[in-house]
Amino acid sequence: MSKKILITGGAGFIGSHVVRLFVKSHPEYSIVNLDKLTYAGNLENLRDVETNQNYRFVKGDIVDYEFIKEFFSKEQFDGVIHLAAESHVDRSLENPAEFAVTNIVGTLNLLQAARLSWKDNFSKKLFYHISTDEVYGSLDHGGFFTEETPVDPRSPYSASKTGSDHFVKAFHSSYGLPVIISRCSNNYGPNHFPEKLIPLMIYNIINNKPLPVYGKGENVRDWLYVEDHASAIHVIFEKGKAGEVYNIGGNNEWKNIDLVMMLCQIMDKKLNREKGASEKLITYVKDRAGHDLRYAIDSTKLQHELGWKPSIDFPAGLEKTVDWFLNNPEWLDHVTSGAYREYYKSMYDNR
Ligand code: NAD
Ligand code: DAU
């Protein structure tokens, strides 16, 4: 085994695609997936790789410093790809402290444990932190986020991710820890938890439930297929320069309402419903507090310096995503059991 790599949050949506990519493309690496298995973590996402020789799962909490410190000291990782986080903006509005603890303190614990386990000898080591375009704040109708855009977080989620980014940078400046940060736009694809826009709409269309569009549906997001995010993370981990920030995005902006309409059309065909049937489910509901108007990423640096580009266009990616959800009803059934129903009721019943 040429390298031992820790992937945190590997049982979540993006993390599971990153774990799969590394396990399959690097038989010579040893991949350790550390995840607390919160409501968002699901080992069913990794059934196809769980028995691979070069893969191991460890259940654990990044907030528990004593556990993390011992874990790093015992395992002696060569690299860390850190995805574990609380990731949903709406939940952060309900419970901001949980986001500060997991995203800031959890990241700080990993940085400190990595530094101590590497005993300040950082040759061939890397701490790679997965951040988000939301740290840049909200755009008006023009312009893009570049790596030089000042951070301006506006939700408790993005504030907590910004806090974690600051600690990552501070460990680089203060101790020379080799770090990389990447900031990606909205992901979509298989295994996406149905609290986020696209899988929630797919689930509700299947079940003939109202499609809750916040405000007027005018907000814009820049969507990237999750496997393209995983391939960007792979390229950055292998070829990125320590100390750098890389933006990742698909140059694929959609107004929420246009995206939901397109999804309705795809689903009508797939479910053999009459044209326009799903659109009738669209329901405008109370807007998200402090709802960021528009995100749009400029990923020129990553494309030019490291040669990455997205491989799947949006209509094809959306169709693949819909097919995955329709072909995996048990996965959807499991994740939308008891606790999900309570969440949905508390979030949407009085909107
Ligand atoms: P997710 O919510 O699907 O998964 C998060 C994972 O982290 C889960 O498996 C969960 O069990 C685990 N986790 C949470 N708290 C933990 C703890 N205390 N200890 C150990 N594990 C814990 O999230 P996602 O959408 O896959 O996002 C992954 C990362 O990518 C996050 O850091 C997020 O900020 C970032 N990101 C997400 C998107 C997106 O569109 N989803 C875009 C850009 C960046
Ligand atoms: O930009 C990257 C970020 O994208 C990630 O850092 C976050 O982890 C990820 O959750 C995502 O954040 P968003 O808030 O953009 O994603 P969400 O799917 O929650 O919402 C997308 C848009 O759809 C947003 O404008 C709010 C709107 N929306 C969302 C839901 C859940 C609705 O109109 N109705 C809904 O029911």
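## Terms and basis

A polar contact is a pair of N or O atoms within 3.5 Å; within protein, one must be able to donate a hydrogen and the other to accept it, and residues adjacent in sequence count only if both atoms are side-chain atoms. By this criterion the side chain of Asn 219 makes a polar contact with the side chain of His 291, at 3.3 Å.

The model is predicted: local features need pLDDT of at least 70, side-chain atom pairs count only at pLDDT 80 or more, and totals for chains, interfaces and linings use all residues. Residues are numbered from 1 along each chain as its sequence is written, chains are lettered from A and ligands numbered from 1 in the order in which they are written, and side-chain values use heavy atoms, with hydrogens and water left out.

## Overall fold

Of the 351 residues, 55% are buried (under 20% relative accessible area; exposed is over 50%, partly exposed in between; 1.4 Å probe, protein chains only). Contact means heavy atoms within 4.5 Å; among contacts between residues at least 6 apart in sequence, 82% join residues at least 24 apart.

## Asn 219 and Asp 292

Asn 219 lies in the loop between strand E8 (211-214) and strand E9 (220-225). Asn 219 counts as buried, at 7% relative accessibility. Beyond residues up to four places away in sequence, Asn 219 touches Trp 254, Lys 255, Asn 256, His 291, Asp 292 and Leu 293.

Asp 292 belongs to the loop between strand E12 (282-285) and helix H9 (300-306), and is buried with a relative accessible area of 5%. The side chain of Asp 292 makes a polar contact with that of Arg 154, at 2.5 Å. Apart from neighbours within four places in sequence, Asp 292 is in contact with Gly 137, Ser 138, Arg 154, Asn 219 and Arg 221.

## Helix H12

Helix H12 (residues 338-348) has the buried residues Tyr 340, Tyr 343, Tyr 344, Met 347 and Tyr 348. Seen down the helix axis, these residues fall within an arc of 100° (taken from the directions from the axis to the C-beta atoms), so they line one face of H12. The buried residues of H12 pack against helix H3 (89-94), helix H6 (197-206), E8 and helix H11 (329-335). The face turned away from the buried side carries the exposed residues Ala 339, Arg 341, Glu 342, Lys 345 and Ser 346.

## Cysteines and positive phi angles

With a disulfide defined as a pair of cysteine sulfur atoms within 2.5 Å, the count is 0 disulfides. Cys 184 is buried at a relative accessible area of 4%, and Cys 264 is buried at 0%.

Gln 76, in the loop between helix H2 (65-75) and strand E4 (79-82), has a positive phi near 50° although not a glycine. Gln 76 is partly exposed, with a relative accessible area of 37%. Asn 272 is likewise a non-glycine residue with a positive phi, of about 55°. Asn 272 is found in the loop between helix H8 (256-270) and E12, and counts as exposed at 72% relative accessibility.

Key: Helix = DSSP H or I, 4+ residues; strand = E, 2+ residues; numbered from the N terminus.
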